[in-house]
Amino acid sequence: MTLVPIFSLLFLLILIILITGRYHRSVAALLGALLTILFGLEYGLFTGQNIINELIGFVNINTVLLVIGVMILAETVSRTGFFEFLGLSIARAVGGGFRRVSLVFIVLTILFSAVISNITTMIIIGALTISLAKKFGTDPTQTLLHETLMSNVGGLTLMISSIPNLIVAAQLKIGFIEFLTITGPLTLILSLVSILVISRKLKKEYGAEQEVQIEVNPWSVVENRSLFYRAAAVFIIVVVLFIFEDSINMPIGLIAIAGAIAMLVLGGQEPESIFAGIDWGTIFFLTSFYIVVGGLERSGVIASVANDIVQILSFNHSVTSILIVWVSGIPSAIIDNIPMTLTLIPIMEHVSVATGFSLKILGWAIVFGANLGGSLTPIGSASNIITLGIMKKQGKAIRWGEWFRRFGPLVILQLLIATLYITILSVIL
Amino acid sequence: MTEKDSEKIEKFEKVQSKIEKIINPYITVKISMPEGVDKEAFLKLENDPEFITSLTSQAKEWLTKGDRRQSSTRT
């Protein structure tokens, strides 16, 4: 029996487990890795004597280190009250009615989710929004929902903004500045268009605005100013090192880990508590899924799918990049965007080798689709799930139909803009 | 919603309560049940808006009196 059907079925099984959510995604990926090893041993998938070394070879260590490092950095900085401080300072400076404050918070959501995870962004921005809405005597639902939508747009901006970005950047060796040069303009365009649409919606929702003075001392959220300055300084230094990654000739994963160690030494916080705040499930998931994808590659599944893609499209560059935006975007609305990114990259590597089409363009298409597609459904991204959980606690429930009615057109508009952008990129790059 | 999501919601509640105290300051006081009252009726007071409004005005009155008390001691 050929290896392709066996490993295709195995992959399908893991996808079904992920979609149904029967088990935690890390457990699904660990099971997938175990089955890959067992079937691999049975069908002679491994070539050498040292299987452990071969398995390590499947995992992109640079990406894993980068993800762990960025998680530790973001967790430590957010614990100092840095982001709450910024939010309160800006809300106080802007003042005005709740619509104005909402629009400012939507912009802040985009900026925060560019540097910390979408979940942490929504925890901080959500808390600020709810408390300020109470002060204004208004309902924060519309603002909260639009904030979560825009956190997925912010997740496009930097290489460190989301895990699909980290995977694509590390795998395709895209530097910090190169990443920002491509994604920055798109984030800007998407933000401007979306804010214009949202502003109109909020005008209808909040109508004539009642102005309330926001008299708060932003420093009251900061428990220790010394830790605040130290953590902010380490974070900024690491970002600067990311920018000059090429000049210092150090893999980006090592820069992130070095920064994380510096943060643990200088950040003045209990390491145990920082480690407890890290999403280890994602790290296990990422590492295990690399083994599943390694199995798919060795067994010939990836090459077979790539050949089919090349034949079906009989090679049209623009159509391929457009298709990838939607092929990664639509499934991201239902399944996790990490396995999709991990699976699509090796397929695109084969397509690129077979056709000579730029691998980076295909990588950008994956990044755009994986980040934006998550806004299509309430379960499309972790920040959507958390926001809905927060709203449930406030006694508000949003169903799938209502979500799609409210946001479907805007998310489809965002994906169309991304499609146009990738078409232009594939012509000029 | 997974266990991890519930943890995140708990984290949100912590952050929210910290921010809430700064933006809309409030205090939590423990009032023991006075003798001779119905237990159920007493426990319901916790969510009785009229009772809370009355306590808020009492707090204001108390603090205003306190200010007057302080200024009369100074003179």
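This is a predicted model: local features need pLDDT of at least 70, side-chain atom pairs count only at pLDDT 80 or more; totals for chains, interfaces and linings use all residues.
## A first look at chains A and B

S194(A) sits in helix α10 of chain A, which covers residues 176-206. With a relative accessible area of 1%, S194(A) is buried. Leaving out residues up to four places away in sequence, S194(A) touches M150(A), L410(A) and Q414(A).

### Where the two chains meet

Let us move on to the contact between the chains. Chain A contributes 26 residues to it and chain B contributes 16 residues. Together the two chains bury about 2100 Å², with 67% of that area on carbon and sulfur atoms. On the side of chain A, I123(A), S131(A) and I386(A) lose the most area to chain B, together 23% of what that side buries.

The count of salt bridges between chain A and chain B is two. K134(A) forms a salt bridge with E20(B), and the closest N and O atoms are 2.9 Å apart. Which elements of chain A give two or more residues to the side that touches chain B? They are α5 (82-94), α7 (118-136) and α20 (382-393). Of these, α7(A) gives the most, with eleven residues. Sorted by class, this side of chain A has 14 nonpolar, five polar and seven charged residues.

E84(A) belongs to helix α5 of chain A. Is E84(A) buried or exposed? E84(A) is buried, because its relative accessible area of 5% is under 20%. Setting aside neighbours within four places in sequence, E84(A) is in contact with S78(A), I124(A) and V221(A), and also with V15(B) and I19(B). E84(A) and W219(A) are 135 residues apart along the chain, and their C-alpha atoms are separated by 9.3 Å.

### Chain B on its own

Chain B has three helices and zero strands, so from the N terminus on its elements run α-α-α. Of its 75 residues, 17% count as buried.

### Salt bridges

Over all chains, the count comes to nine salt bridges. Here are some of the pairs, including one between the chains.

| Pair | N to O distance |
|---|---|
| K134(A) and E20(B) | 2.9 Å |
| R298(A) and E54(A) | 2.7 Å |
| K396(A) and D139(A) | 3.3 Å |
| E402(A) and R406(A) | 2.9 Å |

R298(A) and E54(A) form a salt bridge that links distant parts of the chain: R298(A) is in helix α15 (residues 280-299), E54(A) is in helix α3 (residues 51-58), and they are 244 residues apart. R298(A) counts as partly exposed at 37% relative accessibility, whereas E54(A) counts as buried at 11%.

K396(A) and D139(A) also meet in a salt bridge, and this pair joins two loops, the one between α20 and α21 and the one between α7 and α8, across 257 residues. K396(A) is partly exposed at 33%, and D139(A) is partly exposed at 27%.

E402(A) and R406(A) are separated by about one helical turn, because they are four residues apart in helix α21 of chain A. E402(A) is partly exposed with a relative accessible area of 23%, and R406(A) is partly exposed at 23%. Elsewhere, R25(A), D279(A) and D336(A) are linked in a network of salt bridges.

### One more helix

Helix α16 of chain A (residues 301-313) has 13 residues and reaches 18 Å from its first C-alpha to its last, close to the 18 Å expected at 1.5 Å a residue. Its buried residues are V301(A), I302(A), A306(A), V310(A) and L313(A).

Terms used: Residues are numbered from 1 along each chain as its sequence is written. Chains are lettered from A and ligands numbered from 1 in the order in which they are written. Side-chain values use heavy atoms; hydrogens and water are left out. Buried means under 20% relative accessible area, exposed over 50%, partly exposed in between (1.4 Å probe, protein chains only). Contact means heavy atoms within 4.5 Å. Buried area is the accessible area (1.4 Å probe) that two parts lose on being put together, summed over both. A salt bridge is a side-chain nitrogen of Lys or Arg within 4 Å of a carboxyl oxygen of Asp or Glu. Ala, Val, Leu, Ile, Met, Phe, Trp, Tyr, Cys and Pro count as nonpolar, Asp, Glu, Lys and Arg as charged, and the others, Gly among them, as polar. The expected span of a helix is 1.5 Å times one less than its number of residues.
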